[in-house]
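Please look over the sequence and the structure below, and then read the briefing on one of its sheets.

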Amino acid sequence: MANAVTSHPVIAAIVTIVVTLLGRFALKGYRVRKAVHDAPGPPHSWIWGHLLVMNELMTSGEVPIKVHPHVTPLAFRQKYKLGPYFYLDFWPFGPVMFCCADPELGAQFTTIHSTPKHPEVITTMQNIAGPGDLVSTSGSHWRKWRSVFNPGFAAQHLMSLVPGIVDDCKVFTEVLTGLAEAGKPFRMEEYATRLTIDVIGKVVLNMRFDTQTGSNPMVNALRDQIFWIPNDTAMDPFKPYYPRGIYHRWQNSRTINNYLGEVLDKRFQEILHENSADESTSPRERKRAIIDLAVESYDKETDSRTHQTTRLSSDFRRNAITQIRVFLFAGHDTTSAAICYALYYLSKDSAALSKIRHEHNTVLGPIDSTEEALKRDPYLISKLPYTTAVIKEVLRLNPAASSIRSADSQTHLTDPRTGEPLIMVPDMMLWLLHWSMHRDPEVWGPTVNTFNPDRFLPENSSTLPEAYWRPFERGIRNCIGQDLAMIESRVALALVVRQFEFTAAFDAVDQMAGDGTMYGKDPKYREGTQELLGDEAYPVLVGTAKPREGMPMRVKLA
């Protein structure tokens with residue numbers, strides 16, 4: 001055999017390459033296992049790392065099969081009595097993770113030294129938006145585009161959009177009235193998502209998608225793209241390479257880019273025409289729709305009036321489309337889930353429902369004049385402290401995501417209590433666990449898993465552990481759209497909670513299985529344990545954290 005190999009140079013070269021690659025693979029595996037083996041974490045295997053304990057957790061019924069991944073670190077922490085940080089080793093099927101539920105320690109890799117986003121975040125966001133998006137990039141590219149769009153998400157400007165948000169929420173109430181009359185269970189997430197897409201369409205493109213009453217090809221492609229994102233690669237590492245998924249992601253991205261490109265080009269030509277009008281006229285009104293901010297930025301960069309630019313450069317056009325895609329995705333995703341959960345928790349807590357209705361009666365007046373009141377004085381929503389507290393408590397119990405970074409050569413973490421250096425592995429995922437911080441009984445007390453909006457009332461602010469509440473993250477990389485999410489959620493609740501009575505309809509999940517939704521298509525959503533911490537509405541991964549089964553509900557007029 002040895003002679004056969006040495007007498008054929010090509011075979012010898014192939015064997016040498018294979019042996020070398022296997023050797024490097026084994027060496028990397030040994031280094032990873034050695035680094036993590038004695039580090040804080042669940043029981044660790046030299047051969048399997050933490051793959052076996054993960055499999056045990058997911059098959060034991062301790063957590064649901066389809067539960068969102070950001071739930072599992074807390075389950076490990078509680079099961080194995082772990083401290084505020086520990087390690088998880090899923091190599092070679094996933095990254096080595098440093099799991100952190102300590103905001104002081106987390107600041108070391110998010111603020112003091114702002115580490116780059118992890119490659120898995122970059123891959124996911126590229127599927128959603130394309131390369132160079134605001135969520136996954138850093139450095140000068142991130143600073144440039146963040147500064148371009150900050151004015152569009154300024155609180156004062158967003159308040160001027162409240163009348164339009166009220167109009168969209170009015171359509172939402174009309175849809176809910178129809179559902180109440182039909183008397184059948186439905187997935188609330190579907191209708192809340194249509195509402196939030198209509199709102200973000202106005203903010204980003206100054207367009208009405210009207211998805212609550214119709215259909216839009218770009219929106220359909222965006223939502224389908226979220227379905228085809230290969231999120232659960234730890235369970236199925238080959239999922240990103242399935243031909244069907246590759247095709248759908250390519251086709252959806254093409255549809256979205258073509259649509260947004262046409263809208264962007266049209267708006268650029270409109271602004272060129274406005275700029276070439278009679279110079280003696282008063283300057284055009286400064287707009288804050290995201291698309292206008294993008295075009296204005298390009299106008300400043302190229303000095304189009306001087307250079308007679310008649311079309312956007314391909315580079316700027318591509319980057320602008322990428323950022324607009326991010327805003328369309330992030331701008332509707334988190335808010336729709338928050339609205340669903342708010343209605344769910346209020347339906348189960350009669351005292352909280354009574355409090356929020358009393359606040360709306362006091363501040364907004366009669367139900368039939370709420371729309372008019374909010375349009376006349378949008379700042380009324382700033383006078384709803386209990387409503388705001390409800391939303392903040394919803395976001396505590398069900399944050400949309402976590403902050404995921406990547407260790408680089410400059411990453412040196414130390415234990416905040418002892419000062420001891422912590423183990424770092426090249427390209428390690430640094431996972432700041434929002435879910436775990438939001439559900440830590442040592443921080444929030446024995447009622448940590450109970451819906452209690454009173455925590456966030458102004459009179460309790462002195463006892464509020466603010467560093468442990470971070471659904472929008474903190475620091476310079478916080479969510480640019482957090483003010484919009486809070487405004488939109490408050491307006492939606494102001495128009496809905498006094499008009500309707502909601503009840504969860506998880507008993508109807510099986511009869512909804514054929515409705516064509518992603519939940520209906522995948523039977524794994526209905527297998528095994530269907531409860532987490534005593535709650536049926538646990539989060540699943542669909543782009544971000546969404547309520548299980550799309551929050552099945554029944555509704556009737558109040």
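In which sense do strands S2 and S5 pair, and over how many bridges? Strand S2 (residues 96-100) pairs with S5 in the parallel sense, over four bridges, where pairing requires that DSSP finds at least two bridges between two strands. This is a predicted model, in which local features need pLDDT of at least 70 and side-chain atom pairs count only at pLDDT 80 or more, while totals for chains, interfaces and linings use all residues. Residues are numbered from 1 along each chain as its sequence is written, and side-chain values use heavy atoms, with hydrogens and water left out.

**The sheet**
- Four strands form an open sheet with mixed pairing, in the order S1-S2-S5-S4, strands being DSSP runs (E, at least two residues) numbered from the N terminus.
- Strand S1 (85-89) and S4 are the edge strands, each of which pairs on one side only.
- From one strand to the next, the twist averages 25°.

- Strand S4 (residues 403-406) pairs with S5 in the antiparallel sense over four bridges, and Ser 403 stands opposite Leu 432 in S5.

How values were computed: Axes are lines fitted to C-alpha atoms, for helices over the stretch in contact, and angles run from 0 to 180 degrees between N-to-C directions.
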